[in-house]
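Dear colleague,

I am handing over the structure below, and I would be glad if you looked through it before reading the notes that follow.

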Amino acid sequence: MRILIAEDDLSIAELVGGQLAGAGFVVERRSTGPEVWEEGEIGEYAAIILDLGLPGMDGLSILKRWRAAGVETPVLVLTARGSWMERVDGFDAGADDYLPKPFRPEELLARLRALLRRAGRSAAAPVARCGRFTLDEAARRVSFDGKPIDVSAMEYRLITYLMQNRGRPAPALDLALHVQGRDDDSAKNAIEAMVARLRRKTAADAFENRRGFGYLITDEPA
């Protein structure tokens, strides 16, 4: 499942992103109000974690615009203030849950899972197919050519990200950021090793590497 984290504090975004990635979610991060508003309106996400104190456009205004535009994605609001009046304003604007800062990432994860259950997103997680891969999100199971394969949490996130971006090559550094939460050279090398390991578990041609562009799952032959 894809989760959008809208947070301008890099340390909080990395902490939350790491917690969610470790739980098997695919995480996207945005840090300014205008880009959060656009991404939340056009992107397909299971849920959005929204900080109210974003630069350029505050989170409450963004939430009101989303709901007015018919965006029904569940939203968990984060705020540094957390007064009861602000909570009322947030719920009136369309928030599904509220978590004041500071918070424990474990509590955020528990609240997110509860929010997804209420929205019916976890119980009815789809079975997705891409190339020769099948992904059962509810069971956290990956199959190749109809046979289950044993994958690590990071390998699962890599396959999920490539499936969700079907047809668009993903650079190794981009994959590293979404899979490991880092985009340095060592993380890039780890992604290359991970793809090689997955090829051994599946097939040599299961992943395509478009030189200068990145990796993608190979389409099934016509």
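**What was found**

Helix H7 is followed by Gly181, a residue whose phi is positive, near 80°. Please keep in mind throughout that this is a predicted model, in which the protein averages a pLDDT of 86 and 92% of the residues score at least 70. Among the elements, strand E3 (residues 47–51) has the highest mean pLDDT, 95, while helix H4 (residues 84–93) has the lowest, 74. Where pLDDT is low, the predicted coordinates should not be read in detail.

To return to H7, which spans residues 172–180, its buried residues are Ala172, Leu175, Ala176, His178 and Val179, and these pack against strand E2 (26–30), helix H6 (153–164), helix H8 (185–201) and strand E11 (214–217). Leu175 is one of the residues that touch the most other members of the largest nonpolar core, which holds 29 residues. Strands E7 (133–136), E8 (141–144) and E11, together with H6, H7 and H8, each supply at least two residues of this core, and its largest share, six residues, comes from H6. A second, separate core has 21 residues, including Leu76, Leu109, Leu115 and Leu116.

The side chain of Glu155 is joined to that of Lys201 by a polar contact of 2.8 Å, and, leaving aside residues up to four places away in sequence, Glu155 touches Asp150, Met194, Arg197, Leu198 and Lys201.

With best wishes

How values were computed:
Residues are numbered from 1 along each chain as its sequence is written. Side-chain values use heavy atoms; hydrogens and water are left out. Buried means under 20% relative accessible area, exposed over 50%, partly exposed in between (1.4 Å probe, protein chains only). Helices (H or I, at least four residues) and strands (E, at least two) are DSSP runs, numbered from the N terminus. Contact means heavy atoms within 4.5 Å. A polar contact is a pair of N or O atoms within 3.5 Å; within protein, one must be able to donate a hydrogen and the other to accept it, and residues adjacent in sequence count only if both atoms are side-chain atoms. pLDDT is the predictor's confidence in each residue, from 0 to 100. A nonpolar core is a set of buried Ala, Val, Leu, Ile, Met, Phe, Trp, Tyr and Cys residues joined through side-chain atoms within 4.5 Å.
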